[in-house]
Amino acid sequence: MLSVVNYHYIRESFDTKYPSIFGMTNSQFKKQLVLLKGQGDFLNISDFNNNYESILVSKDNFYLITFDDGLKEQFTNGYSILNELDLEGYFFLNAVNFKNKKVTLIHEIHLLRSEIDPKKLLKIIYNKLEFIFSNEEKKRSHKIYRFDDKASAEVKYILNFLISEAKKEFLINELFNTYFNEKEVVENLYMNVNQIIELSKKGMIGNHTFNHKHLGKLNEDELFYEINESKNYLESIINRNINTISYPYGSEEVFTKKVINCSKETDHKFGFTTVKGKNLKDDNLLKLKRFDCNDLQGGKNYEN
(Lines give C-alpha, C1' and ligand atoms only; values in the text may rest on other atoms or scores of the structure.)
Protein backbone atom coordinates (compact mmCIF):
# COMPACT_ATOMS: atom_id res chain seq x y z
CA MET A 1 0.00 0.00 0.00
CA LEU A 2 1.05 3.57 -0.62
CA SER A 3 0.74 6.50 1.80
CA VAL A 4 1.52 9.86 0.19
CA VAL A 5 2.32 12.70 2.57
CA ASN A 6 2.03 16.27 1.29
CA TYR A 7 3.76 19.46 2.45
CA HIS A 8 3.51 23.13 1.59
CA TYR A 9 5.36 25.51 3.90
CA ILE A 10 8.58 24.43 5.66
CA ARG A 11 10.12 27.29 7.64
CA GLU A 12 11.72 28.21 10.94
CA SER A 13 8.71 30.14 12.25
CA PHE A 14 5.07 30.79 11.36
CA ASP A 15 4.65 33.90 13.50
CA THR A 16 2.42 36.42 11.70
CA LYS A 17 -0.12 39.01 12.79
CA TYR A 18 -2.91 36.61 11.84
CA PRO A 19 -2.19 32.87 11.39
CA SER A 20 -2.87 32.08 7.74
CA ILE A 21 -1.03 28.85 6.96
CA PHE A 22 -0.34 25.56 8.72
CA GLY A 23 2.98 24.16 7.65
CA MET A 24 5.84 22.68 9.62
CA THR A 25 8.97 24.11 11.11
CA ASN A 26 12.26 22.59 9.98
CA SER A 27 12.59 20.63 13.19
CA GLN A 28 8.99 19.36 13.01
CA PHE A 29 9.51 18.27 9.41
CA LYS A 30 12.65 16.34 10.21
CA LYS A 31 11.09 14.80 13.32
CA GLN A 32 8.05 13.62 11.37
CA LEU A 33 10.15 11.99 8.67
CA VAL A 34 12.14 10.13 11.31
CA LEU A 35 8.92 8.97 12.97
CA LEU A 36 7.40 7.80 9.69
CA LYS A 37 10.59 5.94 8.81
CA GLY A 38 9.73 3.63 11.67
CA GLN A 39 6.32 2.83 10.17
CA GLY A 40 7.24 2.03 6.58
CA ASP A 41 9.72 2.42 3.76
CA PHE A 42 10.17 5.74 1.97
CA LEU A 43 10.24 5.59 -1.81
CA ASN A 44 12.60 7.47 -4.06
CA ILE A 45 11.27 8.70 -7.39
CA SER A 46 12.74 5.83 -9.38
CA ASP A 47 11.29 3.22 -6.99
CA PHE A 48 7.83 4.73 -7.29
CA ASN A 49 7.85 4.95 -11.08
CA ASN A 50 9.29 1.51 -11.66
CA ASN A 51 7.55 -0.48 -8.93
CA TYR A 52 4.19 1.24 -8.33
CA GLU A 53 2.17 -1.87 -9.20
CA SER A 54 3.87 -4.10 -6.62
CA ILE A 55 3.78 -1.24 -4.09
CA LEU A 56 0.01 -0.81 -4.39
CA VAL A 57 -0.71 -4.53 -3.95
CA SER A 58 1.74 -4.97 -1.09
CA LYS A 59 0.50 -5.30 2.49
CA ASP A 60 3.60 -3.36 3.58
CA ASN A 61 3.30 0.40 3.95
CA PHE A 62 5.34 2.59 1.62
CA TYR A 63 5.63 6.38 1.91
CA LEU A 64 5.99 8.93 -0.88
CA ILE A 65 6.76 12.60 -0.11
CA THR A 66 5.25 15.47 -2.12
CA PHE A 67 5.41 19.27 -1.97
CA ASP A 68 2.94 21.59 -3.69
CA ASP A 69 3.49 25.12 -5.08
CA GLY A 70 7.24 25.37 -5.78
CA LEU A 71 8.11 27.48 -2.76
CA LYS A 72 11.72 28.49 -2.21
CA GLU A 73 11.61 27.29 1.41
CA GLN A 74 10.75 23.81 0.14
CA PHE A 75 14.15 23.77 -1.53
CA THR A 76 16.26 25.62 1.04
CA ASN A 77 14.69 23.88 4.04
CA GLY A 78 12.76 20.81 2.86
CA TYR A 79 15.17 19.53 0.23
CA SER A 80 18.15 20.07 2.53
CA ILE A 81 16.53 17.89 5.20
CA LEU A 82 15.59 15.26 2.61
CA ASN A 83 19.23 15.10 1.55
CA GLU A 84 20.33 14.79 5.16
CA LEU A 85 18.02 11.78 5.58
CA ASP A 86 18.78 10.36 2.12
CA LEU A 87 15.17 10.81 0.95
CA GLU A 88 13.49 12.13 -2.21
CA GLY A 89 10.11 13.61 -3.06
CA TYR A 90 8.03 15.25 -5.78
CA PHE A 91 7.93 19.05 -6.01
CA PHE A 92 4.85 20.26 -7.92
CA LEU A 93 5.22 23.67 -9.59
CA ASN A 94 2.92 26.28 -11.14
CA ALA A 95 4.50 27.65 -14.32
CA VAL A 96 3.04 31.17 -13.93
CA ASN A 97 5.48 31.92 -11.09
CA PHE A 98 8.46 31.33 -13.37
CA LYS A 99 7.29 32.16 -16.88
CA ASN A 100 5.24 35.26 -16.04
CA LYS A 101 6.92 36.19 -12.74
CA LYS A 102 3.49 36.44 -11.12
CA VAL A 103 2.36 35.54 -7.63
CA THR A 104 -0.20 32.76 -7.67
CA LEU A 105 -3.60 33.95 -6.53
CA ILE A 106 -3.70 31.42 -3.69
CA HIS A 107 -0.47 32.86 -2.29
CA GLU A 108 -1.79 36.39 -2.59
CA ILE A 109 -4.65 35.15 -0.42
CA HIS A 110 -2.29 33.51 2.09
CA LEU A 111 -0.27 36.71 2.40
CA LEU A 112 -3.36 38.91 2.74
CA ARG A 113 -4.75 36.61 5.41
CA SER A 114 -1.52 37.04 7.35
CA GLU A 115 -2.09 40.82 7.40
CA ILE A 116 -5.88 41.19 7.68
CA ASP A 117 -8.10 39.92 10.48
CA PRO A 118 -10.17 37.00 9.04
CA LYS A 119 -13.45 38.50 10.26
CA LYS A 120 -12.58 41.79 8.58
CA LEU A 121 -11.63 39.98 5.37
CA LEU A 122 -14.90 38.03 5.44
CA LYS A 123 -16.79 41.32 5.82
CA ILE A 124 -14.92 42.84 2.86
CA ILE A 125 -15.89 39.86 0.70
CA TYR A 126 -19.55 40.08 1.68
CA ASN A 127 -19.59 43.83 0.96
CA LYS A 128 -17.89 43.63 -2.44
CA LEU A 129 -19.31 40.41 -3.92
CA GLU A 130 -22.69 38.76 -4.45
CA PHE A 131 -23.03 35.02 -3.77
CA ILE A 132 -25.12 32.45 -1.88
CA PHE A 133 -23.48 30.69 1.06
CA SER A 134 -25.81 28.10 2.61
CA ASN A 135 -25.50 26.70 6.12
CA GLU A 136 -24.61 23.32 4.64
CA GLU A 137 -21.77 24.90 2.67
CA LYS A 138 -20.57 26.67 5.81
CA LYS A 139 -20.41 23.32 7.60
CA ARG A 140 -18.56 21.83 4.64
CA SER A 141 -16.06 24.70 4.70
CA HIS A 142 -15.30 23.97 8.36
CA LYS A 143 -14.74 20.30 7.51
CA ILE A 144 -12.52 20.89 4.46
CA TYR A 145 -10.40 23.55 6.15
CA ARG A 146 -10.26 21.79 9.48
CA PHE A 147 -6.98 23.42 10.50
CA ASP A 148 -8.53 26.93 10.34
CA ASP A 149 -10.85 28.95 12.56
CA LYS A 150 -14.41 29.24 11.23
CA ALA A 151 -14.02 32.70 9.70
CA SER A 152 -10.83 31.71 7.87
CA ALA A 153 -12.41 28.47 6.66
CA GLU A 154 -15.39 30.37 5.27
CA VAL A 155 -13.14 32.90 3.52
CA LYS A 156 -11.19 30.10 1.85
CA TYR A 157 -14.30 28.18 0.81
CA ILE A 158 -15.99 31.25 -0.68
CA LEU A 159 -12.89 32.15 -2.67
CA ASN A 160 -12.14 28.61 -3.82
CA PHE A 161 -15.63 27.30 -4.57
CA LEU A 162 -18.43 29.89 -4.58
CA ILE A 163 -17.37 32.78 -6.78
CA SER A 164 -16.03 33.08 -10.30
CA GLU A 165 -12.31 33.28 -10.96
CA ALA A 166 -12.79 36.72 -12.49
CA LYS A 167 -14.48 38.12 -9.36
CA LYS A 168 -11.90 36.51 -7.10
CA GLU A 169 -8.95 37.79 -9.10
CA PHE A 170 -10.31 41.34 -9.20
CA LEU A 171 -10.90 41.48 -5.44
CA ILE A 172 -7.68 39.80 -4.35
CA ASN A 173 -5.41 41.60 -6.81
CA GLU A 174 -6.79 44.94 -5.67
CA LEU A 175 -6.12 44.12 -2.03
CA PHE A 176 -2.76 42.48 -2.69
CA ASN A 177 -1.35 45.48 -4.55
CA THR A 178 -2.31 47.65 -1.59
CA TYR A 179 -0.26 45.60 0.86
CA PHE A 180 2.61 44.01 -1.14
CA ASN A 181 5.20 44.50 -3.90
CA GLU A 182 4.71 41.62 -6.34
CA LYS A 183 8.25 41.58 -7.75
CA GLU A 184 9.74 41.24 -4.27
CA VAL A 185 7.28 38.52 -3.32
CA VAL A 186 8.07 36.45 -6.44
CA GLU A 187 11.82 36.65 -5.78
CA ASN A 188 11.47 35.66 -2.13
CA LEU A 189 8.62 33.16 -2.25
CA TYR A 190 9.37 30.86 -5.19
CA MET A 191 12.27 28.67 -6.27
CA ASN A 192 14.64 29.93 -8.93
CA VAL A 193 15.48 28.11 -12.16
CA ASN A 194 18.75 26.69 -10.83
CA GLN A 195 16.92 25.13 -7.90
CA ILE A 196 14.32 23.62 -10.22
CA ILE A 197 17.04 22.13 -12.42
CA GLU A 198 18.78 20.68 -9.36
CA LEU A 199 15.58 18.90 -8.29
CA SER A 200 14.94 17.69 -11.83
CA LYS A 201 18.19 15.74 -11.89
CA LYS A 202 16.49 13.10 -9.75
CA GLY A 203 13.13 13.41 -11.54
CA MET A 204 11.54 15.29 -8.66
CA ILE A 205 9.65 17.97 -10.62
CA GLY A 206 5.90 17.57 -11.22
CA ASN A 207 3.11 19.65 -12.78
CA HIS A 208 0.77 21.70 -10.56
CA THR A 209 -0.90 23.46 -13.57
CA PHE A 210 -0.16 26.93 -14.90
CA ASN A 211 -2.13 29.27 -12.62
CA HIS A 212 -3.26 27.06 -9.71
CA LYS A 213 -6.93 27.40 -10.73
CA HIS A 214 -9.91 25.29 -9.67
CA LEU A 215 -9.83 22.87 -12.60
CA GLY A 216 -13.39 21.70 -12.11
CA LYS A 217 -14.68 25.18 -12.99
CA LEU A 218 -12.90 25.44 -16.33
CA ASN A 219 -14.14 24.72 -19.83
CA GLU A 220 -12.20 22.27 -22.01
CA ASP A 221 -9.96 24.87 -23.67
CA GLU A 222 -9.10 26.55 -20.37
CA LEU A 223 -8.46 23.19 -18.75
CA PHE A 224 -6.15 22.03 -21.53
CA TYR A 225 -4.17 25.27 -21.28
CA GLU A 226 -3.78 25.02 -17.51
CA ILE A 227 -2.46 21.46 -17.64
CA ASN A 228 -0.59 21.33 -20.94
CA GLU A 229 0.98 24.80 -20.98
CA SER A 230 2.47 24.28 -17.54
CA LYS A 231 3.77 20.83 -18.42
CA ASN A 232 5.40 22.07 -21.62
CA TYR A 233 7.00 25.10 -19.98
CA LEU A 234 8.43 23.14 -17.05
CA GLU A 235 9.73 20.46 -19.41
CA SER A 236 11.50 23.16 -21.43
CA ILE A 237 13.36 24.25 -18.27
CA ILE A 238 14.41 20.81 -17.07
CA ASN A 239 14.77 19.14 -20.49
CA ARG A 240 13.01 15.95 -19.43
CA ASN A 241 9.50 14.50 -19.42
CA ILE A 242 7.04 15.17 -16.59
CA ASN A 243 4.50 12.39 -15.94
CA THR A 244 2.99 13.50 -12.62
CA ILE A 245 0.38 16.12 -11.79
CA SER A 246 -0.97 17.43 -8.51
CA TYR A 247 -4.43 18.98 -8.82
CA PRO A 248 -4.71 22.41 -7.13
CA TYR A 249 -7.10 22.24 -4.14
CA GLY A 250 -7.44 18.54 -4.93
CA SER A 251 -10.95 17.82 -3.63
CA GLU A 252 -13.54 15.72 -5.49
CA GLU A 253 -15.05 18.87 -7.01
CA VAL A 254 -11.70 19.47 -8.73
CA PHE A 255 -10.65 16.15 -10.29
CA THR A 256 -13.74 15.61 -12.42
CA LYS A 257 -13.91 13.07 -15.23
CA LYS A 258 -13.03 15.86 -17.66
CA VAL A 259 -9.95 16.76 -15.61
CA ILE A 260 -8.80 13.15 -15.38
CA ASN A 261 -9.25 12.67 -19.13
CA CYS A 262 -7.28 15.83 -19.89
CA SER A 263 -4.48 14.74 -17.57
CA LYS A 264 -4.32 11.41 -19.34
CA GLU A 265 -4.40 12.98 -22.81
CA THR A 266 -1.46 15.22 -21.88
CA ASP A 267 0.64 12.19 -20.91
CA HIS A 268 0.37 12.33 -17.14
CA LYS A 269 0.59 8.87 -15.61
CA PHE A 270 0.09 9.75 -11.95
CA GLY A 271 -2.30 12.32 -10.49
CA PHE A 272 -2.38 13.40 -6.84
CA THR A 273 -5.46 14.66 -5.01
CA THR A 274 -5.96 15.98 -1.47
CA VAL A 275 -8.44 13.25 -0.56
CA LYS A 276 -7.14 11.62 2.59
CA GLY A 277 -6.32 7.91 2.61
CA LYS A 278 -3.99 5.11 1.59
CA ASN A 279 -3.68 3.90 -2.00
CA LEU A 280 -4.37 0.23 -2.80
CA LYS A 281 -4.17 -2.06 -5.80
CA ASP A 282 -7.45 -1.08 -7.52
CA ASP A 283 -7.07 2.69 -7.16
CA ASN A 284 -6.96 4.95 -10.21
CA LEU A 285 -3.37 6.16 -10.75
CA LEU A 286 -4.71 9.60 -11.71
CA LYS A 287 -6.71 9.86 -8.46
CA LEU A 288 -4.08 9.03 -5.86
CA LYS A 289 -4.93 10.03 -2.29
CA ARG A 290 -2.64 12.04 -0.05
CA PHE A 291 -2.37 12.78 3.64
CA ASP A 292 -1.72 16.32 4.72
CA CYS A 293 1.43 16.29 6.84
CA ASN A 294 -0.56 17.52 9.84
CA ASP A 295 -2.79 14.41 9.72
CA LEU A 296 0.08 11.98 10.28
CA GLN A 297 2.24 11.19 13.30
CA GLY A 298 4.22 14.28 14.17
CA GLY A 299 1.50 16.56 12.74
CA LYS A 300 -0.63 18.92 14.80
CA ASN A 301 -3.89 17.05 14.11
CA TYR A 302 -2.64 13.48 14.38
CA GLU A 303 -4.86 11.12 16.37
CA ASN A 304 -3.98 7.53 17.25
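Colleague: Let us begin with helix 6 and helix 9. At what angle do their axes cross?

Modeller: In this predicted model, the axes of helix 6 (residues 118–128) and helix 9 (residues 165–179) cross at roughly 130° and come within 11 Å. Angles over 145 degrees would count as roughly antiparallel, so helix 6 is classed as oblique to helix 9. The crossing in which helix 6 passes helix 9 is right-handed.

Colleague: Which residues make that contact?

Modeller: Helix 6 contributes L121, I124, I125 and K128, while helix 9 contributes L171, E174 and L175. Sorted by class, the contact of helix 6 with helix 9 holds 5 nonpolar and 2 charged residues, with no polar ones.

Colleague: Helix 6 also packs on helix 8. How are these two arranged, and is their crossing left-handed or right-handed?

Modeller: Their axes lie 8 Å apart, at an angle of about 35°, and the crossing of helix 6 and helix 8 is left-handed. On the helix 6 side the residues are P118, K119, L121, L122 and I125; on the helix 8 side they are A151, S152, E154, V155, I158 and L159. This contact of helix 6 with helix 8 comprises 8 nonpolar, 1 polar and 2 charged residues.

Colleague: What of helix 5 and helix 8: how do their axes cross?

Modeller: The axes of helix 5 and helix 8 come within 12 Å and cross at roughly 155°. That angle makes helix 5 roughly antiparallel to helix 8, and their crossing is right-handed. Here I106, I109 and R113 of helix 5 meet S152, V155, K156, L159 and N160 of helix 8. The contact of helix 5 with helix 8 divides into 4 nonpolar, 2 polar and 2 charged residues.

Colleague: Which residues lie nearest the centre of the largest pocket, and which elements supply its lining?

Modeller: The lining of the largest pocket has 38 residues, and those nearest its centre are I144, Y145, Y249, T274 and D292. At least two lining residues come from each of strand 1 (2–7), helix 5 (105–115), helix 7 (135–144), helix 8 (150–162) and strand 10 (291–292). By class, the lining comprises 15 nonpolar, 11 polar and 12 charged residues.

Note on methods: Residues numbered from 1 in each chain as written. Predicted model: local features only at pLDDT ≥ 70, side-chain atom pairs only at ≥ 80, totals over all residues. Heavy atoms only, no water. Axes fitted to C-alpha atoms, helices over the stretch in contact; angles between N-to-C directions. Helix = DSSP H or I, 4+ residues; strand = E, 2+ residues; numbered from the N terminus. Parallel < 35°, antiparallel > 145°, perpendicular 65-115°, else oblique. Left-handed = near helix turned anticlockwise from the far one by under 90°. Contact = heavy atoms within 4.5 Å. Nonpolar A, V, L, I, M, F, W, Y, C, P; charged D, E, K, R; others polar. 1 Å grid on protein atoms, 1.4 Å probe; cavity = no way out; pocket = protein on both sides within 12 Å on 5 of 7 lines; lining within 4 Å.
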